[in-house]
Amino acid sequence: MNIKLLMGLVGLVALLAFLAPPVLKLKSVALTLVVLIGAAMAVYEFIEQLRGKE
């Protein structure tokens, strides 16, 4: 497995684990939307980095 892929997935999981507790505890729609947008941006950046040339 490519180290770039593995470390990117670890980073995404860590980001989601860090952002999940406030969203689950507060249950605010606005906060959930902001976290989802941030997570989507992180996933997009991860995919772009995997496609990019070294």
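**View 1. Proline 21 in helix H1 of the predicted model.** Proline 21 counts as partly exposed, at 48% relative accessibility, in a model that is predicted. This proline lies in helix H1. Between the C-alpha atoms of proline 21 and leucine 6 the separation is 24 Å, for residues that stand 15 apart along the chain.

**View 2. Packing of helix H1 against helix H2.** H1 and H2, the latter made of residues 29-51, pack with their axes 10 Å apart and at an angle of about 180°. The two helices are therefore roughly antiparallel, since angles over 145 degrees count as such. From H1, the residues that meet H2 are Lys4, Leu5, Gly8, Leu9, Leu12, Leu15, Leu16, Leu19, Pro22, Val23 and Leu26. Their counterparts in H2 are Leu31, Thr32, Val35, Ala39, Ala42, Val43, Phe46, Gln49 and Leu50.

**View 3. Lysine 27 in the loop between H1 and H2.** Lysine 27 is found in the loop that lies between H1 and H2. Its phi is near 55°, a positive value in a residue other than glycine. With a relative accessible area of 68%, lysine 27 is exposed, because the limit for that class is over 50%.

**View 4. Glycine 38 in helix H2.** Glycine 38 lies in helix H2 and counts as partly exposed, with 30% relative accessibility. The C-alpha atoms of glycine 38 and leucine 15 are separated by 9.6 Å, although the two residues are 23 apart along the chain. Leucine 15 is among the H1 residues that meet H2.

**View 5. Isoleucine 47 in helix H2.** Isoleucine 47 is found in helix H2. At 35% relative accessibility, this isoleucine counts as partly exposed. A separation of 9.3 Å is computed between the C-alpha atoms of isoleucine 47 and leucine 5, which are 42 residues apart along the chain. Leucine 5 is one of the H1 residues in contact with H2.

View 6. The patch is formed by Met1, Ile3, Leu6, Met7 and Val10. Together these residues have about 540 Å² of accessible area. Valine 10 is found in helix H1, which covers residues 3-26. The relative accessible area of valine 10 is 46%, so this residue is partly exposed.

Terms used. Residues are numbered from 1 along each chain as its sequence is written. This is a predicted model: local features need pLDDT of at least 70, side-chain atom pairs count only at pLDDT 80 or more; totals for chains, interfaces and linings use all residues. Side-chain values use heavy atoms; hydrogens and water are left out. Patches are made of residues with over 30% relative accessible area and no salt bridge: like charges are joined within 9 Å, nonpolar side chains (Val, Leu, Ile, Met, Phe, Trp, Tyr) within 5 Å. Accessible areas come from the Shrake-Rupley method with a 1.4 Å probe; for residues, only the protein chains shown count as cover. A salt bridge is a side-chain nitrogen of Lys or Arg within 4 Å of a carboxyl oxygen of Asp or Glu. Helices (H or I, at least four residues) and strands (E, at least two) are DSSP runs, numbered from the N terminus. Buried means under 20% relative accessible area, exposed over 50%, partly exposed in between (1.4 Å probe, protein chains only). Axes are lines fitted to C-alpha atoms, for helices over the stretch in contact, and angles run from 0 to 180 degrees between N-to-C directions. Angles under 35 degrees count as roughly parallel, over 145 as roughly antiparallel, 65 to 115 as roughly perpendicular and the rest as oblique. Contact means heavy atoms within 4.5 Å.
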